[in-house]
Amino acid sequence: MPFLLAAAIAGIAAAPLAAQGPAAPVKSTAEEEAEQRLHTDWAWLGRYREANAALVPTSAPRIVFIGDSITQGWIDKLPGLFPPDRINRGIGGQTSSQLLLRFRQDVIALKPAAVQIMVGTNDIAGNTGPMTAEDTQANIMSMAELARAHGIRVILASIPPADHFPWRPGLETAPKIARLNGWLRRYAAETGATYADYWGALHEGDALTPALTYDGVHPNDAGYRAMGPVAEAAIRTALAKPAPQGLAR
């Protein structure tokens with residue numbers, strides 16, 4: 001009996017430990033910072049605040065590129081696209097909801113002649129929660145309307161091709177990308193915006209051409225070089241149009 005009683009007590013003592021299951025994975029410093037930011041600066045308004053304040057006037061028309069990691073990565077992979085009059089305001093992982101929240105600070109306040117809006121990949125992935133195509137469209141329309149109200153020409157960039165998202169395995173991506181790109185093209189035509197077809201420059205079937213990507217979603221150096229002429233053509237087309245008659249600036 002003493003042996004059985006001791007075994008029972010030991011089993012009871014061990015039970016809570018067993019019930020805990022495997023230890024939670026340790027988060028990296030970057031992951032911890034991102035988690036904290038979700039509670040303190042959801043749209044990361046602080047990311048470019050100092051850089052915005054430090055901008056100096058240029059003689060050339062200013063162009064702002066706002067978007068997610070595909071925009072952010074551009075300045076590292078193809079820095080020649082960004083002379084002083086072109087401002088990169090991409091933030092990796094962001095959705096259109098976050099771009100909309102920082103649009104005044106990171107676009108309107110910089111008084112550009114044109115803005116390129118490139119977003120949608122992370123909306124489809126649900127990075128900030130489930131979103132419908134209509135949710136994404138509404139956010140993009142709001143950004144475009146804000147730009148036009150402030151006399152800023154709009155470039156709407158297509159979502160690059162991807163037949164999978166590594167961080168969202170099993171998600172059906174290609175049809176959702178095709179649907180949003182079709183809407184972007186139509187909305188650009190309806191509102192006088194310029195449509196930049198990066199999808200056409202990058203795709204192989206529904207996928208991003210393997211030679212132009214390192215993970216099936218993000219372009220590599222060659223991918224950004226393929227995107228460069230599309231960007232340059234879109235900028236020329238946009239600047240050739242008269243500025244929208246918006247509010248006094």
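The paragraphs that follow treat the aromatic pairs, a charge over rings, and one glycine in turn.

This is a predicted model, in which local features need pLDDT of at least 70 and side-chain atom pairs count only at pLDDT 80 or more, while totals for chains, interfaces and linings use all residues. Residues are numbered from 1 along each chain as its sequence is written, and side-chain values use heavy atoms, with hydrogens and water left out.

Rings of Phe, Tyr and Trp (the six-membered ring of Trp) pair if their centres lie within 6.5 Å, with planes under 30 degrees apart counted as stacked, over 60 as edge-to-face and the rest as tilted; by this rule there are seven aromatic pairs. The pair F65 and W74 is edge-to-face, because the ring centres are 5.6 Å apart and the planes stand at 75°, and both residues are buried (under 20% relative accessible area, where exposed is over 50% and partly exposed in between, with a 1.4 Å probe and protein chains only). F65 and W74 belong to one aromatic cluster with F82, Y198 and Y224.

The charged end of R47 sits over the ring of W44, 5.8 Å from its centre, and also over the ring of Y48, 4.3 Å from its centre; the criterion is NZ of Lys or CZ of Arg within 6 Å of the ring centre and within 35 degrees of the ring normal.

G228 counts as buried, because its relative accessibility is 7%. Leaving aside neighbours within four places in sequence, G228 is in contact with L78 and L81 (heavy atoms within 4.5 Å), and although G228 and L78 are 150 residues apart in sequence, their C-alpha atoms are 7.9 Å apart in space.
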